[in-house]
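Here are my notes on the two-chain model you sent over. Have the structure open while you go through the points.

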Amino acid sequence: MRLPRRQHSVLPGFGLTLGFAVVYLSLVALIPMCALFLRARGLGWAGFWSTVTEPRVLAACRLSFGAAFIGATLNAVFGFIVAWTLVRYRFFGRRFIDALIDLPFALPTAVSGIALTTIYAPNGWIGRALVPLGIKAVFTPLGVVIALTFIGLPFVVRTLQPALEDLEADVEEAAASLGASRPQTFRRVIFPAIVPSLLTGFALAFARALGEYGSVVFISGNLPGKTEIAPLLIVTQLEQYDYAGATAIAVLLLVISFAMLLVINALQRWSGRRHLRGM
Amino acid sequence: MSLRPATAEPRWVRTLLLAITMLFLAAFLVTPLVAVFTEALRKGVGAYFAGFNDPAVRSAIKLTLLTAGIAVPVNVVFGLAAAWSVAKFEFPGKSLLTTLIDLPLAVSPVVSGLIYVLVFGLNGWLGPWLKAHHLQVIFAVPGIVLATVFVTLPFVARELIPLMQEQGTEDEESALTLGASGWQTFWRVTLPNIRWALLYGVILCNARAMGEFGAVSVVSGHIRGKTNTVPLQVEILYNEYNFVAAFAVASLLAMLALVTLAAKSFIEWRMTSAPASPAVPGDPT
């Protein structure tokens, strides 16, 4: 809700604070990002295109997109169940679990990476159980999906929680008193009301997963063409002083990030909340 | 037989959903956390503490503290300035500014590092000039600080802006009418009003500053004992198969994460139980 405010405020410090904020933002973020785009312009369209269509780059992008999409989808399903139980049910340890949801935000990605690798390795706690099933998680695309699911979970849960809390009980009561069964009420009343938030959470998780680096590089094994993600390829090319190649992939990722930011802003306007706690 | 309210699920559905929640969170959240500590203590407490005797680890801890010590205050000042201008005044381009503040959150950490390499690196914009003046930013401490400042830039501002917008300008206007100066108004009216949100932003900002990996990795050059932060040191130890030491150092970061989560929950509880507490009369500050 925004109230109309007087054009000329009596408060001091407008010029100073806005000036400082704009100059700081420009120096720290905007000008360096321009450097990236200017460098990419030096490549020319043909150079850019030939770089991003190299088989190795294409494979890395395919893996990054595919794994991020699967991870975000898993989070949409399980994150919804988690958010639902946290909001609707009262059980022992609920507050503790609620606080723990933000762990992927708070735990440095390198720590998540080595911990997930240890657990899902063939001799790890969960990996051991996967061996008899013939499933290999570490150093395979599945490992990338696991890391990206871990990293995206809070986005879905934290966007869904307030939406579920805001649902009015009397709407559900009305549906029930008009003869709707519980599944019908869920499908026709509850679910449509939270779709915007679910999509926002999905988009946030997907956007974060696309660029994620630290938690993935340990578990993926980084085999070129097989388990190499796009952000890692940027690092590899930088280490080989291939600035042109690194820049081209970075521009591609950045443009997609901007597009995702616009999509997320639109989704948040649709669901009526702009501020996401804790990201 | 007890009747189930029409707006609740049958018992078996509730149990099933609860079981899925527990299993999913156990597999993805609890086990990684527990694994960090069990792996760190695998060879006993002696081996755990031996991990910290490494001078490289100590210098990594120092560098991380230094980096966070610069990045957090700088972004607090930025956050306060940005929030003051955005929340208390109307001007064209305001929503563009708030969107741009969130930008670093949308950028891949690796790209965040790369942009500084392209500006300050040897064949970047300022590379030749820096070399002529014997200054080094990339593969040195300034680059690490800059990359960290970039990735942590939004955290304080995005906590303060919505809260200060909600609080409006009446409190400040009254203070000014009663004769307070601009600074007095800020210190004694605005700051007490936003203290919990500010602390919240600082905690998130600090956690990210101390834990950042991707962006810092790109600009660091991994010079042992010189340009390694704690997360980078974890990677080096891990890649050397020195698992106990890697997880011992990682356990420091995991403890930081737990403290962050606890502080976050506490502040959330404070903010909801005492919404926008007004400036306390006779406050000793």
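1. A quick definition before anything else: helices here are DSSP runs of H or I with at least four residues, strands are runs of E with at least two, and both are numbered from the N terminus. Keep in mind that this is a predicted model.

2. With that in hand, chain B reads α-α-α-α-α-α-α-α-α-α-α-α-α along the sequence. The tally for chain B is 13 helices and 0 strands.

3. On overall dimensions, the C-alpha trace of chain A spans about 70 × 65 × 35 Å along its principal axes. For chain B, the C-alpha atoms fill a box of roughly 80 × 60 × 40 Å, again taken along the principal axes.

4. Burial next. Chain A has 279 residues, and 46% of them are buried. In chain B, 46% of the 285 residues count as buried.

5. If you look at contacts with a sequence separation of 6 or more, 78% of those in chain A are between residues 24 or more positions apart. The corresponding share in chain B is 76%.

6. Helix 2 of chain A is worth a look. It covers residues 55-88, so to speak 34 residues in one run, and reaches 48 Å from its first C-alpha to its last, close to the 50 Å expected at 1.5 Å a residue. There is also a kink of about 25 degrees in this helix, centred on A:Phe78.

7. What do the two chains put into their interface? In chain A, 76 residues are in contact with 76 residues of chain B. On the chain A side, helix 1 (residues 14-52) gives the most, with 15 residues. By class, that side of chain A has 55 nonpolar, 15 polar and 6 charged residues.

8. One spot in chain B: where does B:Gly168 sit? It lies in the loop between helix 8 (154-167) and helix 9 (170-177) of chain B.

How values were computed: Residues are numbered from 1 along each chain as its sequence is written. Chains are lettered from A and ligands numbered from 1 in the order in which they are written. This is a predicted model: local features need pLDDT of at least 70, side-chain atom pairs count only at pLDDT 80 or more; totals for chains, interfaces and linings use all residues. The expected span of a helix is 1.5 Å times one less than its number of residues. The bend at a residue is the angle between axes fitted to the seven residues ending there and the seven starting there. A residue is buried if 20 or more other C-beta atoms lie within 10 Å of its own, exposed if 12 or fewer, and partly exposed in between; C-beta atoms are placed from the backbone. Two residues are in contact if their C-beta atoms, placed from the backbone, lie within 7 Å. Ala, Val, Leu, Ile, Met, Phe, Trp, Tyr, Cys and Pro count as nonpolar, Asp, Glu, Lys and Arg as charged, and the others, Gly among them, as polar.
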